[in-house]
Amino acid sequence: MKIGCPKEIKPQEFRVGMTPNAAREAIAHGHEVIIETNAGSGSGFDDTAYTDAGAQIIATAAEVFATADMIVKVKEPQAGERKMLREGQLLFTYLHLAPDPDQTHDLLASGCTAIAYETVTDRNGGLPLLAPMSEVAGRLAPQVGAWTLQKANGGRGVLMGGVPGVSPAKVAVIGGGVVGTHAARVAAGMGADVTVLDRSLSRMRYLDDVFGSVFKTSYASAGNTAELVTEADMVIGAVLIPGAAAPKLVTRDQLSTMKPGAAIVDVAIDQGGCFETSHATTHQDPIYDVDGIMHYCVANMPGAVARTSTIALGNATMPFLLALADKGWKKACQDDPHLLAGLNVHAGQLTYEAVGVALGLDTVSAEALVNA
Ligand SMILES: NC(=O)c1ccc[n+]([C@@H]2O[C@H](COP(=O)([O-])OP(=O)(O)OC[C@H]3O[C@@H](n4cnc5c(N)ncnc54)[C@H](O)[C@@H]3O)[C@@H](O)[C@H]2O)c1
């Protein structure tokens, strides 16, 4: 198969769909890999890294789209890219179609087959191609929160780990899923006094079993949440109710109960945020002040560490990418129901029910389609 990887064109997107290592593996499986020039530069991979791996560098995205059998990307194809997709071509990338009728229409019109990273599943009911970005955002949260706490940034001027004779920062993490667990680990590793709040007792049992006394857990009742938020130097928002907007767990009134200069890092901002006072910010202008509490609410946190994010995403996509290339999309999806769960569009038909429901469009069963 000829696998093509264009340079990402969405503003502020520095990740790339294929690492040189992914290219090397695909080539070892007998495939041809073409990469748009400078596609990897934002992640620290120059063209030579790809040519050393055996890939071919192509001058324009148009040539990549025109000749590749499969296009591998990171972000959903932008309007100009969608015009270059063609019937029978395979697209493997994040799509997020439910809130995006224009993209859905264009993908259906193109006749391509589109597999969305975000709906591929695993045997534990998880989302293996979303998890790496939650891991990155979670581990980054205490790092940006620590920076926010610095005096020059409007923060309280508290060091995460304290020093001998001075107490460490208190950190409350609301939500103990992928983001929250990684955030708690890193905050504890920095020496902070960390408590994770969650509503799932089974999740807290798991955290307690695995992490022991590294951090504490607390049931996320309104009372416990209010108490820990009041005591905290930093509060990290990491809740998710799948398919729904994040619940607002801290109100504006509660800010007045917090320590002046405390930091809020609302990782759940991509689902609307779990603080009433949160609004999305950018890497260029990441923090703002509400009532003396500093808010960090960047909606695409992994972009700050594009190289780590690209490699983490590449590790997770690699087995699926190889299966698609080796077997073709249909056989690969027949053999793996978790990859089949990623199928969103095929030959003008929508195959993902939740997208159909969200956009009021008819869908066909992906399972029936591949087994026809
Ligand atoms: N800003 C970014 O760049 C970025 C990057 C990655 C993920 N995210 C977002 O981070 C959020 C968390 O993602 P995740 O992968 O950790 O999800 P997850 O499903 O692994 O974890 C969510 C956790 O929240 C808990 N929860 C739900 N309702 C709660 C409540 N009312 N109180 C306390 N806990 C509650 C759940 O029990 C679960 O343990 C999502 O909104 C995700 O989209 C943002």
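**Chatting through salt bridges and overall build**

Trainee: Which side chain does D106 meet in a salt bridge?
Mentor: D106 pairs with R82, at 2.9 Å from N to O. Keep in mind that this is a predicted model.

Trainee: Where do D106 and R82 sit in the chain?
Mentor: D106 is in helix α5 (residues 101-110) and R82 is in helix α4 (residues 79-82). They are 24 residues apart, and the pair links distant parts of the chain.

Trainee: And R82, buried or exposed?
Mentor: R82 counts as buried, at 11% relative accessibility. D106 is partly exposed, with a relative accessible area of 26%.

Trainee: How many salt bridges does the count come to?
Mentor: The count comes to 12 salt bridges. One of them joins the side chains of E32 and K2, at 3.7 Å from N to O.

Trainee: What does the pair of E32 and K2 tie together?
Mentor: E32 lies in strand β2 (residues 32-36) and K2 in strand β1 (residues 2-5), so the pair ties together parts that are 30 residues apart in sequence. E32 is partly exposed at 39% relative accessible area, and K2 is partly exposed at 23%.

Trainee: What about K327, which residue does its side chain meet?
Mentor: K327 meets D335 in a salt bridge, with 2.9 Å from N to O. K327 counts as partly exposed at 42% relative accessibility, and D335 counts as partly exposed at 39%.

Trainee: Which residues are linked in a network of salt bridges?
Mentor: E8, K73 and E81 are linked that way.

Trainee: Changing topic, how many helices and strands are there in the protein?
Mentor: The protein has 15 helices and 15 strands. Its radius of gyration is 22 Å, close to the 21 Å that the globule rule gives for 372 residues, so the protein is as compact as a globular protein of that length.

Trainee: What share of the residues is buried?
Mentor: Buried residues make up 51% of the 372. On contacts, residues 24 or more positions apart account for 62% of those with a separation of 6 or more.

Trainee: How many positive and negative side chains does the protein have?
Mentor: There are 27 positive and 39 negative side chains, and the centres of the two sets lie 4 Å apart.

Trainee: Last one: where is the place of S218?
Mentor: S218 is in strand β9 (residues 216-219), and at 15% relative accessibility it counts as buried. Leaving aside neighbours within four places in sequence, S218 is in contact with residues including T195, D198, M204 and L228.

Notes
Residues are numbered from 1 along each chain as its sequence is written. This is a predicted model: local features need pLDDT of at least 70, side-chain atom pairs count only at pLDDT 80 or more; totals for chains, interfaces and linings use all residues. Side-chain values use heavy atoms; hydrogens and water are left out. Helices (H or I, at least four residues) and strands (E, at least two) are DSSP runs, numbered from the N terminus. The radius of gyration is taken over C-alpha atoms; the globule rule is 2.2 Å times the number of residues to the power 0.38. Buried means under 20% relative accessible area, exposed over 50%, partly exposed in between (1.4 Å probe, protein chains only). Contact means heavy atoms within 4.5 Å. Lys and Arg count as positive and Asp and Glu as negative; His and the chain ends are not counted. The place of a charge is taken as NZ of Lys, CZ of Arg, CG of Asp or CD of Glu. A salt bridge is a side-chain nitrogen of Lys or Arg within 4 Å of a carboxyl oxygen of Asp or Glu.
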